[in-house]
Amino acid sequence: MVAVDTNVLVRLLTADDPKQASVAQSLFAAAPIWIAKTVLLETSWVLRSLYGFEESAVHDAFTKLLGLKNVQAEDEQSVSAALTLTARGIEFADAMHLSSRSPGAVFVSFDKSFVNRARRAGASDVSGMSARD
């Protein structure tokens, strides 16, 4: 099994460097691949921030990538739950935070807009906080 870095996923998903993209494609075709949650988070950020991917494009790319028979993600249950939330309007990173929490843990945030989106997306036990003066 081969664990890949963010730059390998970015080359694979963007093909912005043809030589490196070819090497990444060959690797994915030849070996079992393991992807850490942190690599997925960083890849999501790079794709959105540097390549202008919409959140739906990140969702689609990750869904296809993780659907490959030889690809395994760390904590696949949380990653799958995060992709479900992403399809419902939550940014992937926020969705990973929500889906990676311990069972029964309440997720709190000062970001009321995020809390509302999370609730609309079906996330349970999400609570907004406010600063008291």
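This is a predicted model: local features need pLDDT of at least 70, side-chain atom pairs count only at pLDDT 80 or more; totals for chains, interfaces and linings use all residues.

Residues are numbered from 1 along each chain as its sequence is written, and side-chain values use heavy atoms, with hydrogens and water left out.

**The whole chain**

The protein chain has seven helices and five strands (DSSP runs, with at least four residues of H or I for a helix and at least two of E for a strand, numbered from the N terminus). Along the sequence they follow the pattern β-α-α-β-α-α-β-α-α-β-α-β. Taken along the principal axes, the C-alpha atoms fill a box of roughly 55 × 30 × 25 Å. Of the 133 residues, 36% count as buried; buried means under 20% relative accessible area, exposed over 50%, and partly exposed in between, with a 1.4 Å probe and protein chains only.

**Aromatic pairs**

The count comes to two aromatic pairs. Rings of Phe, Tyr and Trp (its six-membered ring) pair if their centres lie within 6.5 Å; planes under 30 degrees apart count as stacked, over 60 as edge-to-face and the rest as tilted.

| Pair | Centre to centre | Angle of planes | Type |
|---|---|---|---|
| Phe 62 and Phe 92 | 5.1 Å | 75° | edge-to-face |
| Phe 107 and Phe 114 | 6.0 Å | 75° | edge-to-face |

Phe 62 lies in helix H4 (residues 55–66) and Phe 92 in helix H6 (residues 92–99), so their pair ties together parts that are 30 residues apart in sequence. Phe 62 is buried, with a relative accessible area of 0%, and Phe 92 is buried at 1%. Phe 107 and Phe 114 are buried as well.

**Around strand E4**

Ser 109 is found in strand E4 and is buried, with a relative accessible area of 13%. Leaving aside neighbours within four places in sequence, Ser 109 is in contact (heavy atoms within 4.5 Å) with Phe 114, Val 115, Ser 127, Gly 128 and Met 129. A polar atom of the Ser 109 side chain lies 3.0 Å from the backbone nitrogen of Asp 111.

Is Phe 110 buried or exposed? Phe 110 is exposed, with a relative accessible area of 55%, and sits in the loop between strand E4 (107–109) and helix H7 (112–120).

How values were computed: A polar contact is a pair of N or O atoms within 3.5 Å; within protein, one must be able to donate a hydrogen and the other to accept it, and residues adjacent in sequence count only if both atoms are side-chain atoms.
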